[in-house]
Amino acid sequence: MAIAEVTRPQPKVRHTECFIGGKWRAAVSGKTFATVNPATEETIAEVAEGDAADIDLAAKAARAAFEGPWSRMDARDRGRLMYRLADFIEEEIDELAALESLDNGKPVSVARAADLPLVIDCLRYYAGFADKIHGSTIPVRGNYFTYTRKEPVGVVGQIIPWNFPMLMTAWKWGPALAAGCTIVMKPAEQTPLTCLRMAQLAQEAGIPDGVINVVPGYGPTAGAAIVRHTGIDKVAFTGEHRTAQIIMREAAESLKRLTFELGGKSPNVILADADLDAAAAGADFGLFFNQGQCCCAGSRVFVQDSVHDEFVEKLRQRAASRKLGDPLAADTEQGPQVDQAQFDKILSYIDKGNNEGAQCIVGGSRFGNRGYFVQPTIFSNVQDSMSIAQEEIFGPVMSVLKFSDWEELIQRANQTFFGLAAAVWTKDVFKAHDFARRVRAGTIWVNCYDVFDAAAPFGGFKMSGQGRELGEDGLRPYVETKTVTMSLG
Ligand code: NAI
Ligand code: MG
């Protein structure tokens, strides 16, 4: 099958330079890199390739804004500017969804229905927090008056991946801006375009120059420069756990505050008493959503033995009917993987699955002959020890495992160094709560999957992360507590 030539008008690319101190500027080195349309493998635009010199300029601009206009602004006005940014994004929602689709490869209908509304909601949620961050008065021994102040942590470095470029930007900017921090952000090298557009909209909304700085570039250069910079107080990172390990080592020198949102190998458990059609829809969505490129993808589907064969057939039918194609077409359900490296990685895992003795029941190869498309793929007969049951594939490859005993299931669900999310499908409330209590993961879904809300904390146990994003928990890493004690005698 070939992918139809893309003939519809392409979304407009308006910004390709670094955004530093409110100005668009080429990288100091003059270098650029290509951002590629994963559906066609063609270059969309050349983007400024920032590195340490640009990060230094951005950190200085962020410091000046932190000490200047941003620190003097009333918190309520800060919130008002964030609401305006959300409004401006909403006004441009169709154009932004198309740009996200172009750069990332996700279906435009999905960007429009899922990513963008969550972006807007997140910014509004945190806008409401801006004037509600405060300390307390504390009774202490002796004749003293003690109170705490909740102050912004300072200049924050934010490094994000490519799977939800705008949404990851909103998850990072929301709490940082609400807390009164200023930002040096590096979007992923695969998907810089929408973050740059959001920076422009932030300026138009009235957020002072220097509060938000965006430097596109690569991880080991621009990203590493953020981590090493002594003028940056905190780093928030989303991406691979191996990158987080590098960042933690690099950050030791300056003892930066760190938060991490990393990967997973999340168990999605189907009990025999579940509504099997709902569970099949949930397992299908939980893995294949966003081309399988989700940190919380339900990539280990555990099915109770008595319903196993019937359930696997439902999964197979769903995967086989998924519509792949041009992400900008309204009826496309699955687009390409983000880049050649991810495409190659996924195909190598499919090889491993076959070689290690799992049974590929649908998919198993490339789709078409152009773009990084991978067929929706399901392996059954997967054993816990296989690499496709252990490692994060980050693509449309589902591993189905069989179980019979509940205690054994709980133990197997936890048998991974990850702990991001887990789900269980059952009508038995006792089992549901037992699962929620005993599975070590930051998010548990019962009879649903991938339900996100700006108010609901998200993050990982074990090697899936440190700290939480979203909700009130998500503000904490952006705030320092200052204790003030005054003698009354
Ligand atoms: P990555 O962790 O290398 O990249 C994420 C971000 O970190 C990008 O902005 C990148 O430029 C930056 N980065 C890379 N090396 C850095 C360094 N030394 N210092 C500072 N920043 C650095 O992830 P990548 O290579 O894009 O994907 C590899 C695998 O990671 C995927 O196959 C997937 O398994 C996992 N991943 C998980 C994500 C999640 O949401 N948890 C998102 C993206 C990838
Ligand atoms: Mg990498």
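## Arg300 in its strand

R300 is found in strand 13, residues 300-304. Strands here are DSSP runs of E with at least two residues, numbered from the N terminus. This is a predicted model: local features need pLDDT of at least 70, side-chain atom pairs count only at pLDDT 80 or more, and totals for chains, interfaces and linings use all residues. Residues are numbered from 1 along each chain as its sequence is written, and side-chain values use heavy atoms, with hydrogens and water left out.

## A buried arginine without a salt bridge

R300 is buried (under 20% relative accessible area; exposed is over 50%, partly exposed in between; 1.4 Å probe, protein chains only). R300 has no salt bridge (a side-chain nitrogen of Lys or Arg within 4 Å of a carboxyl oxygen of Asp or Glu). The nearest side chain of opposite charge is D384, 5.4 Å away.

Which backbone oxygens does the R300 side chain reach? One belongs to R412, at 3.0 Å. Another belongs to A413, at 2.8 Å. Beyond its neighbours within four places in sequence, R300 is in contact (heavy atoms within 4.5 Å) with residues including K265, N268, L401, R412, A413 and T416.

## Cysteines

The whole structure holds zero disulfides (a disulfide is a pair of cysteine sulfur atoms within 2.5 Å). C448 is in no disulfide either. Its nearest cysteine sulfur, that of C296, is 12 Å away.

C195 is buried, with a relative accessible area of 1%. C448 is partly exposed, at 24%.

Terms used: Chains lettered and ligands numbered in written order. Helix = DSSP H or I, 4+ residues; strand = E, 2+ residues; numbered from the N terminus. Lys, Arg positive; Asp, Glu negative; His and termini not counted. Polar contact = N/O pair within 3.5 Å; in protein donor to acceptor, adjacent residues only side chain to side chain.
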